[in-house]
Amino acid sequence: LSSAMAAAVEAHWPADLSGLVVTRYGHGQPCARIEVVEAAHPVPGDAGRRAAERLLGLVRGLTADDLVLCLLSGGGSALLSVPAPAVPFADKQALNAALLRSGAAIGEINCVRKHLSLIKGGRLAAAAFPARVVSLIISDVPNDDLSTIASGPTVGDPTTRHDACAILAKYALAVPPAVLDHLNDPRSETPKPSDSVFAHVRHVLVATPQAALEAAASVAEGAGYRPLILGDSIEGEARDVAREHAGIAWHCARFGQPAAAPCAIISGGETTVSVRGQGRGGRNTEFLLALAVALDGHPAVAAIAADTDGIDGSEDNAGAILTPSTLRRMRAAAIDPGDRLARNDSHAAFAAIGDLVVTGPTRTNVNDFRAILVEKGT
């Protein structure tokens, strides 16, 4: 995504320009004046660490006459990962992986990340001070919280190190001693929104989840479906959110409320998955498998759930689709949907019937997209 943003900047920037952007492996595209580096996601790797260190070096020593253009989007938290000196990189990697499996919300995960970092939580802007900083941002988080997108490298951080400790305790995570020592040190605190280092920083949202949902609603309406947008900031366990969506779909089909069929129930946001099994799958396929179980083959309902960047978690698919025949076809393929859901093995369940959605890199990211179609008179 960052490389696509960089290419757009190059195409429209009339003056001298140089820089560095980091994107996930397989998502890069060539730029003429801006260097593109690929790195690991969602667990940070050495390439991302080295790139983050280089970025910090590029912005240090600037003056008030300099302009820093930051291109920020979802995924930046993992791609720009340089830990505080007291935190071994391996500890940060292990804790990041544990947080991703814990069921913690993205805001909670990024609160911890910010307090272990030299670049997140406003520290990139602090390093660039007194230069002017303009951040062009594509939102992929609930409520378009600027301090959460890519862990807010140019945004004053409203959270504290004590919040980070509370989150780690909440999910009963095994925390390396070096991490605890660092969080107990007042020097781990991030710069706050009132800090003078943000006096010359401007943030511009260039794409948002709500805009994407409204565009999808327009397409649905053009196809003859009454759109019902539930919201762009839906969070919670994927399987719990799925049951709630299923209840709404059942009610629309049976009573015509809150929208009469044919209708399209549309939502966005970022659900979570508390990983308890040993299966494979991201939050979108988990949502869809739970939705299939809850709908139990309802003849009037079909759905899609996918991540708009083309990658559902760490798999090669964006998500999957559901039809009235999904459960029947899974069982014919010797797949027990309830068992696969219990084992967090949604990827294999949909792969077995050929219903994964594989788009490849879309080079954009406005979070997850879900659409449930309810037909009339079925």
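Colleague: Which exposed residues does helix H10 carry on the face turned away from its buried side?

Modeller: Exposed means over 50% relative accessible area, buried under 20%, and partly exposed in between (1.4 Å probe, protein chains only). On H10, the face turned away from the buried side carries the exposed residues Glu-244 and Arg-254. This is a predicted model, in which local features need pLDDT of at least 70 and side-chain atom pairs pLDDT 80 or more, while totals for chains, interfaces and linings use all residues. Residues are numbered from 1 along each chain as its sequence is written, and side-chain values use heavy atoms, without hydrogens and water.

Colleague: Which residues of H10 are buried, and why do they line one face of the helix?

Modeller: Helices (H or I, at least four residues) and strands (E, at least two) are DSSP runs, numbered from the N terminus. In H10, the buried residues are Ala-238, Arg-239, Val-241, Ala-242, His-245, Ala-246, Ala-249 and Cys-252. Seen down the axis, they fall within an arc of 145 degrees (directions from the helix axis to the C-beta atoms), so they line one face of H10. They pack (heavy atoms within 4.5 Å) against several elements, including strand S6 (226-234), strand S7 (263-269) and helix H11 (283-295).

Colleague: Where does a residue other than glycine take a positive phi?

Modeller: Ala-172 has a phi near 50 degrees and is placed in the loop between H7 and H8. Ala-334 has a phi near 65 degrees and is placed in the loop between helix H12 (326-332) and H13. Ala-172 counts as exposed because its relative accessibility is 66%; for Ala-334 the value is 66% too, so Ala-334 counts as exposed.

Colleague: Which residues of helix H4 are buried, and what do they pack against?

Modeller: Phe-89, Asp-91, Lys-92, Leu-95, Asn-96, Leu-99 and Ser-102 are the buried residues of H4. They cover an arc of only 150 degrees around the axis, which puts them on the same side of H4. Their packing partners are helix H2 (46-59), helix H5 (106-115), helix H7 (161-170) and helix H8 (177-183). Just after H4, Gly-103 has a positive phi of about 95 degrees.
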